[in-house]
Amino acid sequence: QVQLVESGGGLVQPGGSLRLSCAASGINVRFYTMGWYRQAPGKERELVADIGGGDRVNFSESVKGRFTISRDNAKNTVLLQMNSLKVEDTAVYYCNARNPGLGFWGQGTQVTVSS
């Protein structure tokens, strides 16, 4: 059984930082494209960042230069470091693992950026 468990969300002031973690079980994150998506109220789910083969990374324009994504193969975990957070980063953040023909989602973790 595949499980993706997100943690690290919370309330932070604008300009602050958070680090999200996605712990995977039932799959090896080395062999999947691992991504973080987010969904704000009333909006569609969107890709934030992903990391693929050869640790190739991809970011949405809205988070470039502020967020980084990394993979800890020893812990079978994917991290999203979020710096210089803005109010518009408020959303539920979801971890995703995908391969051709396969896709898995976590339950999500709430990130709220507010003063």
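Asn76 lies in the loop between E7 and strand E8 (77–82), where helices (H or I, at least four residues) and strands (E, at least two) are DSSP runs numbered from the N terminus. The model is a predicted one, in which local features need pLDDT of at least 70 and side-chain atom pairs count only at pLDDT 80 or more, while totals for chains, interfaces and linings use all residues. Residues are numbered from 1 along each chain as its sequence is written, and side-chain values use heavy atoms, with hydrogens and water left out.

Asn76 has a positive phi of about 55° although it is not a glycine. Most residues other than glycine have a negative phi, and most peptide bonds are trans. Asn76 is also buried, with a relative accessible area of 15%; here buried means under 20% relative accessible area, exposed means over 50%, and partly exposed lies in between (1.4 Å probe, protein chains only). Another residue other than glycine with a positive phi is Ser84, whose value is near 50°. Ser84 lies in the loop between E8 and E9, and at 43% relative accessibility it counts as partly exposed.

Strand E7 (residues 67–72) contains Arg71, and Thr68 lies in strand E7 as well. Is Arg71 buried or exposed? With a relative accessibility of 15%, Arg71 counts as buried. The side chain of Arg71 reaches the backbone oxygen of Val29 at 3.0 Å, and a polar contact of 2.9 Å joins the side chains of Arg71 and Asp55. A polar contact is a pair of N or O atoms within 3.5 Å; within protein, one must be able to donate a hydrogen and the other to accept it, and residues adjacent in sequence count only if both atoms are side-chain atoms. If residues up to four places away in sequence are not counted, Arg71 touches several others, among them Tyr32, Met34, Ile51 and Val78, where contact means heavy atoms within 4.5 Å.

Thr68, by contrast, counts as partly exposed, at 45% relative accessibility. Leaving aside neighbours within four places in sequence, Thr68 is in contact with Phe59, Leu79, Leu80 and Gln81. The C-alpha atoms of Thr68 and Ala49 are separated by 7.9 Å, and these two residues are 19 residues apart along the chain.

We turn next to strand E9 and its partners. E9 (residues 91–99) pairs with E4 in the antiparallel sense over 7 bridges, and two strands are said to pair if DSSP finds at least two bridges between them. Within this pairing, the bridge partner of Thr33 in E9 is Arg98. E9 is also joined by 3 bridges to strand E11 (residues 109–113), and these two run antiparallel, with Ala91 standing opposite Val111 in E11. A further 4 bridges join E9 to E10, again running antiparallel, and Asn96 stands opposite Trp105 in E10. E9 and E10 form a hairpin with 2 residues between them, and Gly101 in the turn has a positive phi of about 85°.

Cys22 lies in strand E3 (residues 18–25) and Cys95 in strand E9, so the pair ties together parts that are 73 residues apart in sequence. The torsion about the S-S bond of Cys22 and Cys95 is about -80°, so the disulfide is left-handed. Both Cys22 and Cys95 are buried.

The last topic is the aromatic rings. A pair of aromatic rings is described by the distance of the centres and the angle of the planes. Rings of Phe, Tyr and Trp (its six-membered ring) pair if their centres lie within 6.5 Å, and planes under 30 degrees apart count as stacked, over 60 as edge-to-face and the rest as tilted. A search of the whole structure finds 3 aromatic pairs. The rings of Tyr37 and Trp105 have their centres 5.0 Å apart and their planes at 65°, so this pair is edge-to-face. Because Tyr37 lies in strand E4 (residues 33–39) and Trp105 in strand E10 (residues 102–105), the pair ties together parts that are 68 residues apart in sequence. Tyr37 is buried, with a relative accessible area of 16%, whereas Trp105 is partly exposed, with a relative accessible area of 40%. Ring pairs link Tyr37, Tyr94 and Trp105 into a cluster.

Note on methods. A disulfide is a pair of cysteine sulfur atoms within 2.5 Å.
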